[in-house]
Amino acid sequence: MTDTSPPVTSAPPLARTRSSRGATVAVLALAALAATLVAGIALGARDISAGEVVRVLLHPGGETFNSHVLWTDRIPRTFLGLLVGAALGASGLIMQALTMNPLSDPGILGVEQGASLFVVLGILFLGVTGVQGYFWLALAGSACAAALVYLIGTRTNTGSTTIGLVLAGVAMGAVMSSLITLLVVRDRVAFAHLRAWSVGQLTGRSEALGQILPFAIAGLLLALTLGRTLNVLGLGDEAARGLGVKVERARLTAAAVAVLLCAAATAAIGPVAFVGLVGAHVARMLVGADHRWSLPVAMATGAVLLTVSDTAGRLILDHGEIQVGVMTAVVGTPFFVWLARRRDLVRV
Amino acid sequence: MTVLDTRATAPDSAAAPALAAAARLRAVRRARHRRTALVCAALAVLLVAFTAAALLIDLNGVPASEVLPAALGLREGLADYLVFQLRMPRTLAALLAGALFGLAGALYQRLIRNPLATPDIVGISAGASAGAATVLLLAPAAYVVGAPVAAIAGSFVLVAAVQALSWRGGQVDTYRLILVGIGLSAVCVAYTNYLFTMAEANDLAIAMRWTIGSTNAADWDGVTTLATGLACCLPLAVWLNRSLTAMALGDQLATGLGTRVNPARVAVLLLGAAAAALATSVVGPIGFVSLISGPIAVWLVGAERSVLLAAPVGAAIVIGADVLALHAPLISPVPTGVLTALLGAPYFVWLILRRGQGAS
């Protein structure tokens with residue numbers, strides 16, 4: 001965001017990505033995004049032929065049912081998926097860079113649960129309605145949860161902070177979801193509503209797109225400016241200080257952006273785990289550890305992952321659909337387990 | 001109990017100090033017996049008190065003198081309905097499920113030698129819950145027998161998967177085991193959530209039971225399942241506890257003492273999973289009970305006897321939480337699992353802050 005440090009004159013130390021490779025990946029990422037966008041709009045429970053889709057897109061405002069399905073459901077839904085996925089991918093990558101922990105993810109660390117808890121409190125006691133109101137509550141909740149989990153997780157005695165953070169996230173997630181249940185269990189209407197929301201889904205959330213757009217875009221733009229800061233922070237506090245970075249301030253700024261992105265995503269569609277984890281790792285596999293490249297790529301991979309999961313969830317069943325939160329858990333868990341099996345992870 | 005008999009090995013010239021040592025040992029053992037007896041008595045009083053509270057609070061006009069006969073099924077009408085149909089199954093299910101959870105947790109903690117490695121944390125309860133919920137929604141007719149069987153099958157699948165996936169380089173690292181378990185439990189929870197948001201019958205009580213854990217829907221069939229399960233699991237746990245005591249000395253020493261280490265390990269893993277699964281099949285994945293019970297039992301009577309004592313401790317925790325869940329001011333009624341999580345999670349945090357390694 002506001003990188004007040006004097007410009008680093010030497011070549012950035014982690015710049016392992018040659019720009020030619022970066023350009024290739026950027027083109028591929030754009031192609032994947034475009035393909036996801038097309039698939040998200042063209043595929044769904046209702047069979048609409050390709051020609052019909054093109055015709056409806058060229059003539060907006062038609063009165064047919066197909067036109068209604070596309071313009072009020074599939075198109076906003078796909079864009080919302082892309083936006084939320086990008087936010088979660090960037091948030092996951094920033095969290096991983098800040099905690100130096102390959103298992104960090106806004107869902108796994110319980111940050112999304114904190115956001116959910118505050119949204120529930122707001123709905124029940126402050127009468128908040130609308131996604132914009134949810135966003136401010138989610139922001140406060142994810143900030144509290146992130147601070148709490150970080151404080152607990154980095155002070156554990158569990159062999160490494162990697163595991164400590166995950167365990168702290170699990171514990172705080174359990175507390176917060178219990179508190180949510182405690183708050184809503186006697187209110188049947190609120191319970192039914194929140195049950196659907198607490199799984200994390202894009203169904204019927206099209207109206208959230210317009211309301212969450214400014215926050216998500218602001219967060220994504222702020223995240224794009226963080227690449228250099230994260231690279232320098234990755235060298236360790238002393239080296240970063242030597243390069244003229246105000247470490248605490250830079251860290252706090254980056255954390256604030258991560259929390260902002262997570263809050264925007266959770267306010268829009270509810271908690272969805274594993275998107276940040278998988279998106280960030282795939283991005284790093286593609287372009288290496290240089291955050292100036294991996295941040296935008298993580299946004300793209302997160303967006304593709306979430307939207308493809310959602311589209312697949314719409315197609316797998318003949319009737320009804322599988323919520324995107326369930327799909328990302330199914331996709332993300334093998335990834336998580338594979339990471340947990342890596343030798344260098346345990347006992348860092 | 002496995003203290004070596006020093007008199008047999010001591011040479012004659014050293015008989016006097018050896019005898020003194022033996023006397024000291026006997027004194028220690030007597031003190032330990034006394035302590036165990038005291039703890040058992042205190043727990044019994046606590047259990048009776050909680051059970052009485054569960055049956056007697058807020059009787060809706062049934063006279064208190066009618067409760068005992070009604071609990072035995074000797075009354076009719078309101079007393080029968082309230083006490084025999086509603087409260088007795090619920091109370092017994094809480095007690096028995098708590099005992100099974102406690103037993104399962106203590107077995108795992110003692111085997112894996114990490115207080116965090118309990119069936120609820122490493123995803124075994126979640127697997128059992130997914131199995132039972134599948135039967136409930138796809139074959140509701142076969143529910144009474146099918147749910148426990150499916151829960152046990154689900155938990156065994158999870159045990160095998162967690163073990164296989166955390167196996168690396170010829171051994172299982174404890175923390176890798178816990179991480180893999182957390183990951184797999186996320187899938188099971190996602191699947192269970194999916195089942196219930198998809199189900200036609202979006203029944204609140206049932207969804208509560210399988211995602212959070214609640215004694216609310218327990219009936220006499222469930223109590224039969226739990227009682228049978230506990231009757232099978234307790235003797236096996238007593239029998240396996242001898243192997244566990246030997247294995248606490250290390251695998252090599254245990255092998256030297258005549259324990260077949262690997263079969264014993266597999267047996268303990270499966271027994272703990274089955275116990276947790278049986279409890280889950282009736283009351284759902286009530287969290288953190290198996291995590292708390294073991295360390296409390298160790299603190300009360302020491303590691304060696306903790307496995308069996310964890311059963312009454314677990315029973316006391318669940319019935320206590322259940323009484324609170326039903327009758328506590330402001331918050332009641334809530335699912336039992338909410339209260340155990342709110343009590344257990346702070347303890348879990350304390351555990352990872354204070355002593356991540358090497359308990360029991």
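Let's start with residues 134-153 of chain A: this span is 100% helix and 0% strand, with its end C-alpha atoms 27 Å apart. Helices here are DSSP runs of H or I with at least four residues, strands are runs of E with at least two, and both are numbered from the N terminus. Before going on, note that this is a predicted model, where local features need pLDDT of at least 70, side-chain atom pairs count only at pLDDT 80 or more, and totals for chains, interfaces and linings use all residues. Residues are numbered from 1 along each chain as its sequence is written, while chains are lettered from A and ligands numbered from 1 in the order in which they are written.

The opening span is one of those that an unreviewed UniProt entry labels "transmembrane region" in chain A; such positions use the numbering given here, feature names are shortened, and annotations may be inferred rather than shown by experiment.

Now over to chain B and its helix 4, residues 78-112. Its 35 residues reach 49 Å from first C-alpha to last, close to the 51 Å expected, where the expected span is 1.5 Å times one less than the number of residues. Helix 4 of chain B does bend, by about 40 degrees at Arg87(B), and Pro89(B) follows within four residues. That bend is the angle between axes fitted to the seven residues ending there and the seven starting there.

How many of the 35 residues of helix 4 of chain B are buried? The count is 30, so the helix is mostly covered, where buried means that 20 or more other C-beta atoms, placed from the backbone, lie within 10 Å of a residue's own.

The largest nonpolar core has 233 residues, and Ile94(A), Ala264(A), Ala97(B) and Leu100(B) have the most contacts inside it. Such a core is a set of buried Ala, Val, Leu, Ile, Met, Phe, Trp, Tyr and Cys residues joined through C-beta atoms within 7 Å. Helix 4 of chain B gives the most to this core, 21 residues. Leaving aside neighbours within four places in sequence, Ala97(B) is in contact (C-beta atoms, placed from the backbone, within 7 Å) with residues including Leu226(B), Ala279(B) and Val318(B).

Finally, the contact between the chains takes 36 residues from chain B and 38 residues from chain A. Helix 7 of chain B gives the largest share of the chain B side, 14 residues.

Definitions and conventions: Contact = placed C-beta atoms within 7 Å. Buried ≥ 20, exposed ≤ 12 C-beta atoms within 10 Å, placed from the backbone.
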